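Please look at the sequence and the 3D structure shown below. The paragraphs after them go through a few places in turn.

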Amino acid sequence: MSEKIKAKKIKRKVNKRAVATSICVFFVSYTVLIGFLLVMLLVAHGSNWMHYLDETADTTANLITMCCCTLFLYAIIFIYSLFEDPEFVEHPSNSVLVFCTLTITLMVNYVLGKYVNVYLRPVGLFAMLCVFFFKRRQAVFFNVMFGVIMFTIDIYLREFQAFNPENGPLFSLIVCLVCGTISAFIASKVRTRIGLLLTGVATAVPTIVVVLLLKLPKYIKLGWIQIVSSVGFSALACIIASVLALALLPLLEIAFKRLTVFRLRELTSTSAPLLVRLREEAPGTFNHCLVVAHLAENCAIAIGENAELARAAASYHDVGKLKQPDCFTENQSDYNVHDELMPELSADIIRSHAKDGYNLLKSAHLPDIICDVAREHHGTLPIKYFYAKATKISGVDANIKDYSYLGPTPQSKIAAIVMIADAAEAASRALQNRTPENVERVVRGIIEERMDLDQFTQCDITMKELTIIKQTIVDALTGVHHHRVEYPSIRFNREKHAVKEDGSGKEEK
């Protein structure tokens with residue numbers, strides 16, 4: 001037990017340089033926000049800036065309090081990430097993305113609220129962006145902190161107060177929490193860009209209800225114009241939030257090399273450049289990748305991994321075969337180039353497709369996770385056929401390292417899924433009788449062999465997950481390679497008479 005606890009503690013250690021970088025990002029983002037608020041104050045007061053500070057003692061005190069409270073709230077976001085999800089802080093780009101997005105959305109909210117209409121603030125924007133880059137739980141927490149930060153600024157800077165004092169100081173906080181949280185939950189289920197746009201429409205309904213309830217005590221004093229105006233602008237703010245999310249997501253995807261469901265679906269489109277090349281230059285490999293992508297997607301769904309990412313990674317896992325497509329069985333007809341090559345050279349050609357795929361994907365600027373799967377999906381497994389061939393020719397056991405893939409072994413569950421699905425699809429094609437029992441035996445043997453060769457030690461996959469993956473692949477392959485009824489050898493001519501295929505030329509009316 002003590003060893004397990006020790007291993008867990010070691011796992012939670014983070015790189016000090018990464019933490020230091022994240023701290024720098026935190027301070028820079030905070031400085032940018034405070035600078036933006038001060039600029040807005042300068043614009044609002046112009047040459048009367050000093051008079052504004054000297055107007056009352058409370059003005060300067062409120063400004064200092066706001067700066068300190070905002071600093072503490074920014075720090076809470078960083079500390080939460082550091083202790084609750086150390087891996088999050090290990091990648092400074094995560095901190096850059098969070099604080100950059102937070103600062104930008106705060107600026108957008110205050111510019112629209114200050115110079116257009118206070119009810120037009122797109123308070124759901126931050127949650128919508130976060131839910132596509134992080135887990136939903138993180139997005140909800142970040143949105144809570146976003147709401148508290150806005151509330152703090154509204155309270156201590158009267159120039160930015162969201163609503164008149166009679167509406168209550170908690171008005172903006174409640175609207176922000178409700179709208180942002182609902183946006184996060186709805187957007188987490190979105191799979192298309194039009195769906196994201198409709199998220200704004202769906203979020204507008206509860207937002208209108210909240211605004212109406214919060215303004216209920218003031219209905220007697222307010223005219224119908226003010227009521228319709230506040231409700232209308234609140235609904236429009238939700239739609240603006242979704243429109244801005246649509247505009248900002250592609251920019252953030254490119255700037256931070258992040259994958260959203262939209263980007264993944266674009267990568268798996270049959271019009272994607274590398275997939276077009278694969279279809280035209282290596283059709284056998286292309287069809288193999290389609291089946292593996294289907295298997296990987298099903299497995300990812302079964303164990304709770306990112307299904308779109310699994311499908312994309314599997315679609316590109318064999319693009320390295322584009323370098324020499326005729327050297328791989330699925331692209332050959334009657335001629336096999338390896339019949340004329342020494343097994344050492346053949347093995348080198350075969351195993352090089354993993355590294356070639358990695359380099360090709362890197363040069364095409366595809367996301368790192370997809371590049372890594374292309375390199376890792378064979379791990380350090382031996383190439384059995386050419387190892388056996390070399391042993392037979394030499395009469396002695398060949399050096400297994402000369403006939404093994406270069407690795408590394410799978411570093412993620414997605415890579416492990418693709419490794420199993422790739423081998424299972426290829427092995428199932430060689431089966432003469434694809435009954436569920438035979439397919440299960442083959443897939444089980446593939447998983448057990450890779451476990452014996454320590455291929456899954458770096459990806460934290462569990463025995464339970466491997467069992468689920470095995471059964472999912474068996475069910476899928478049994479469906480893909482199902483038995484078909486043998487059709488009678490009859491064809492019909494234009495006169496709709498049945499003609500036997502045996503060449504007798506006899507017709508059956």
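Is D454 buried, exposed or partly exposed? D454 is partly exposed, with a relative accessible area of 47%. Here buried means under 20% relative accessible area, exposed means over 50%, and partly exposed lies in between, using a 1.4 Å probe and protein chains only. D454 sits in the loop between α20 (436-452) and α21. Its phi is near 60 degrees, a positive value in a residue other than glycine.

Some ground rules come next. The model is predicted, and local features need pLDDT of at least 70, side-chain atom pairs count only at pLDDT 80 or more, and totals for chains, interfaces and linings use all residues. Residues are numbered from 1 along each chain as its sequence is written, and side-chain values use heavy atoms, with hydrogens and water left out.

Now the chain as a whole. The protein chain has 21 helices and 3 strands. These elements are DSSP runs numbered from the N terminus: helices are H or I with at least four residues, and strands are E with at least two. Of the 509 residues of the protein chain, 46% count as buried. A contact means heavy atoms within 4.5 Å. Among contacts in the protein chain with a separation of 6 or more, 72% are between residues 24 or more positions apart.

The buried residues are L125, F126, A127, M128, L129, C130, V131, F132 and F133.

Axes are lines fitted to C-alpha atoms, for helices over the stretch in contact, and angles run from 0 to 180 degrees between N-to-C directions. Angles under 35 degrees count as roughly parallel, over 145 as roughly antiparallel, 65 to 115 as roughly perpendicular and the rest as oblique. The crossing of α6 and α7 is right-handed. A crossing is right-handed if the near helix is turned clockwise from the far one by less than a right angle, and left-handed if anticlockwise.

Which residues of α6 and α7 meet? On the α6 side they are L97, V98, T101, L102 and T105, and on the α7 side L125, F126, L129 and F133. The residues of this contact of α6 with α7 divide into 7 nonpolar, 2 polar and no charged. In this grouping Ala, Val, Leu, Ile, Met, Phe, Trp, Tyr, Cys and Pro are nonpolar, Asp, Glu, Lys and Arg are charged, and the others, Gly among them, are polar. The spacing of such residues can be read against a general rule. An α-helix has 3.6 residues a turn, so residues three or four places apart point the same way.

The other helix to consider here is α8. The axes of α7 and α8 are 8 Å apart, and the helices pack at an angle of about 155 degrees. α7 and α8 are therefore roughly antiparallel to each other. Their crossing is right-handed. F126, A127, C130 and V131 of α7 make this contact with R136, A139, F142, N143 and F146 of α8. The contact of α7 with α8 involves 7 nonpolar residues, 1 polar and 1 charged.

Aromatic rings are the next topic. Rings of Phe, Tyr and Trp (its six-membered ring) pair if their centres lie within 6.5 Å; planes under 30 degrees apart count as stacked, over 60 as edge-to-face and the rest as tilted. By this rule there are 14 aromatic pairs. In one of them, Y80 and F141 are stacked, at 3.9 Å centre to centre with 25 degrees between the planes. This pair links distant parts of the chain, since Y80 is in helix α4 (residues 57-84) and F141 in helix α8 (residues 136-156), 61 residues apart. Y80 is partly exposed at 21% relative accessible area, whereas F141 is buried at 19%. F26, F27, Y30, Y74, F78 and F99 form one aromatic cluster.

Two further places concern loops. A cis peptide bond joins G407 and P408, with omega about 5 degrees. P408 is in the loop between α18 (384-394) and α19 (413-429). H365 is not a glycine, yet it has a positive phi of about 60 degrees. H365 counts as exposed, at 68% relative accessibility.
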